[in-house]
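Read the following with the sequence and the model side by side. The text moves from one residue to the next and gives each cut-off where its term comes up.

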Amino acid sequence: QFPEVRIHLPHAPSDVAKLKADLAAFSRRFRASANLHMLEVIVGLQKEAGDNVVEHVRTELEHLLASHFAEISPDNVNNGFMKQREEERESLQAIYGSDFQVLCETDWQVKLLSDTTL
């Protein structure tokens, strides 16, 4: 499994083309895929990326996103996203119960049918 950094956006970006261009530059800089999917930015890292690389990429991505979203500032980015991620995890866990599984800090799995997971 390849490590990923996922950050949910507070709303649609005002300039999607600019954000995509910045994500392309980010991809080249970190030799990773950085893509916008709906209201989420997903960065796929190389398989051998360690925890320190993942955290460094997360911090740099948060700073990049702070330049696109007024609600995101370097001072509150970690607290806000951590709280938002924890609230989402708790909500999904309450809804799906034993069909919800935490794979790691940033990856969760929901069993929809006996042979289908999301």
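D22 sits in helix α1; helices here are DSSP runs of H or I with at least four residues, strands are runs of E with at least two, and both are numbered from the N terminus. The model is a predicted one, in which local features need pLDDT of at least 70 and side-chain atom pairs count only at pLDDT 80 or more, while totals for chains, interfaces and linings use all residues. Residues are numbered from 1 along each chain as its sequence is written, and side-chain values use heavy atoms, with hydrogens and water left out.

D22 counts as buried because its relative accessible area is 18%, where buried means under 20%, exposed over 50% and partly exposed in between (1.4 Å probe, protein chains only). Leaving aside residues up to four places away in sequence, D22 touches L64 and H68; a contact means heavy atoms within 4.5 Å.

Helix α1, residues 16–30, also holds F26 and F30, which are 4 residues apart, about one turn of the helix. Both of these phenylalanines are buried. The structure has 2 aromatic pairs. In the pair of F26 and F30, the ring centres are 4.6 Å apart and the planes meet at 40°, so the pair is tilted. Rings of Phe, Tyr and Trp (its six-membered ring) pair if their centres lie within 6.5 Å, and planes under 30 degrees apart count as stacked, over 60 as edge-to-face and the rest as tilted.

Next comes R89, in helix α3. Is R89 buried or exposed? R89 is buried, because its relative accessibility is 19%. The side chains of R89 and E86 are joined by a polar contact of 2.4 Å; such a contact is a pair of N or O atoms within 3.5 Å, and within protein one must be able to donate a hydrogen and the other to accept it, with residues adjacent in sequence counting only if both atoms are side-chain atoms. Beyond four places in sequence, R89 touches F100, V102 and W108.

V102 belongs to strand β4, residues 100–102. With a relative accessible area of 40%, V102 is partly exposed. V102 and R89 are 13 residues apart along the chain, and their C-alpha atoms are separated by 8.5 Å. Besides R89, V102 touches D107 and W108, again not counting residues up to four places away in sequence.

L113 counts as exposed because its relative accessibility is 56%.
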